[in-house]
Amino acid sequence: MATRLGPIAHTTSTGDALTADLTADVTARIPVDAEGVVALAGPARTTLAVSLPAQAKAHHAVVDKHGAVVYSADSKNDTALVVEPLASGKVSIQTVIPNAGASNRYTYQLQSGVTAVERTDGGLDLVGVDPASGLNVRVGSVDAPWAFDASGAVVPTRYEVSGSTFTQVVQLSKSLTYPVVADPTYGWSYWVIPTAYLNWSESLKAAGDVAGVEVICAVVGLWNAPAGVLCAAETWEINSRSKSAVSHGKCVTLMLGAGVGVFERNC
């Protein structure tokens with residue numbers, strides 16, 4: 001049992017992995033072994049990798065008739081996995097939980113240098129260092145979590161974050177109709193608003209004076225030229241909101257899309 005989230009990209013075998021061209025720019029590499037990692041290669045051919053959860057006890061991968069990659073459970077009491085390489089450019093990793101006695105926690109390890117930051121919608125931003133600017137920027141995202149039982153009832157679920165790992169916690173009970181399917185869906189963030197996560201030192205600079213913001217905006221421009229221009233046009237607003245964030249002991253997040261959003265967060 002799995003949930004179809006949209007058209008699935010065609011997969012081909014390359015020996016130790018399955019590959020799928022999700023879009024013209026994004027390719028997924030899915031391991032044949034459930035102990036491996038799912039890796040997305042983006043437009044710059046850099047990768048964004050997430051491990052499959054160790055709490056699932058599953059066999060080698062088989063591609064089903066719909067194109068999903070299925071890791072069957074080792075026993076009827078173990079959790080199976082279904083990976084859907086979506087034509088939207090994302091990958092869905094679904095845990096198929098057999099009963100109330102199975103694990104309710106499924107942990108995903110991000111690749112080195114990438115950390116998870118919680119969003120207000122329950123999803124996650126995946127943050128890494130941009131080599132050109134040295135800024136911490138959003139490189140990917142994980143959609144808000146969901147879980148359903150076999151009758152279609154919504155099952156409460158959430159993410160817990162610790163550095164470069166995130167855990168999906170599913171609220172299991174004997175009253176549910178099993179199996180329960182739970183999912184993180186992740187992908188690159190080329191199609192979302194450019195977002196920079198300032199560290200404490202950078203936040204202090206932005207809060208100091210407008211000249212400090214101008215320095216930050218110049219660095220932003222090294223990462224993303226249009227975002228740098230937008231940042232430079234809103235230095236007074238960024239400075240004012242950064243002062244407020246720092247006064248609360250918070251770091252600054254800059255969202256630089258159609259307008260400038262300045263938000264505070266825990267450092």
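I searched the whole structure for disulfides (cysteine sulfur pairs within 2.5 Å) and found two. The model is predicted, so I took local features at pLDDT of at least 70 and side-chain atom pairs at pLDDT 80 or more, while totals for chains, interfaces and linings use all residues. Residues are numbered from 1 along each chain as its sequence is written, and side-chain values use heavy atoms, with hydrogens and water left out.

**Disulfides**

I looked up Cys 217 and found it joined to Cys 231, S to S 2.0 Å. The S-S torsion of this pair is about -70°, so I noted the disulfide as left-handed. Cys 217 sits in helix H2 (residues 210–223) and Cys 231 in helix H3 (residues 225–232), so the bond ties together parts 14 residues apart in sequence. For elements I used DSSP runs numbered from the N terminus: helices are H or I with at least four residues, strands are E with at least two. Both Cys 217 and Cys 231 are buried. My accessibility classes are buried under 20% relative accessible area, exposed over 50%, and partly exposed in between, with a 1.4 Å probe and protein chains only.

Next I checked Cys 251, which is bonded to Cys 267 at 1.9 Å, S to S. This link is right-handed, with 110° about the S-S bond. It connects distant parts of the chain: Cys 251 is in strand S20 (residues 251–256), and Cys 267 is in the segment after strand S21 (260–265), 16 residues apart. Is each end buried or exposed? Cys 251 is buried at 1% relative accessible area, whereas Cys 267 is exposed at 61%.

I then wrote down the pattern, counting bonded cysteines along the chain: 1-2, 3-4.

**Salt bridges**

I ran the salt-bridge search with a Lys or Arg side-chain nitrogen within 4 Å of an Asp or Glu carboxyl oxygen. It returned seven for the whole structure.

One of them pairs Glu 160 with Arg 105, N to O 2.8 Å. Glu 160 is in strand S15 (residues 157–162) and Arg 105 in strand S10 (residues 105–109), 55 residues apart. Glu 160 is partly exposed at 28%, and Arg 105 is partly exposed at 33%.

Which residues form a network of salt bridges? I found Arg 119, Asp 121, Asp 125 and Arg 138 linked in one. Arg 119 meets Asp 121 with the closest N and O atoms 3.2 Å apart. Arg 119 is partly exposed at 23%, as is Asp 121 at 47%. Arg 138 pairs with Asp 125 at 3.1 Å, N to O. Arg 138 is in strand S13 (residues 136–142) and Asp 125 in strand S12 (residues 124–129), 13 residues apart. I logged both Arg 138 and Asp 125 as buried.
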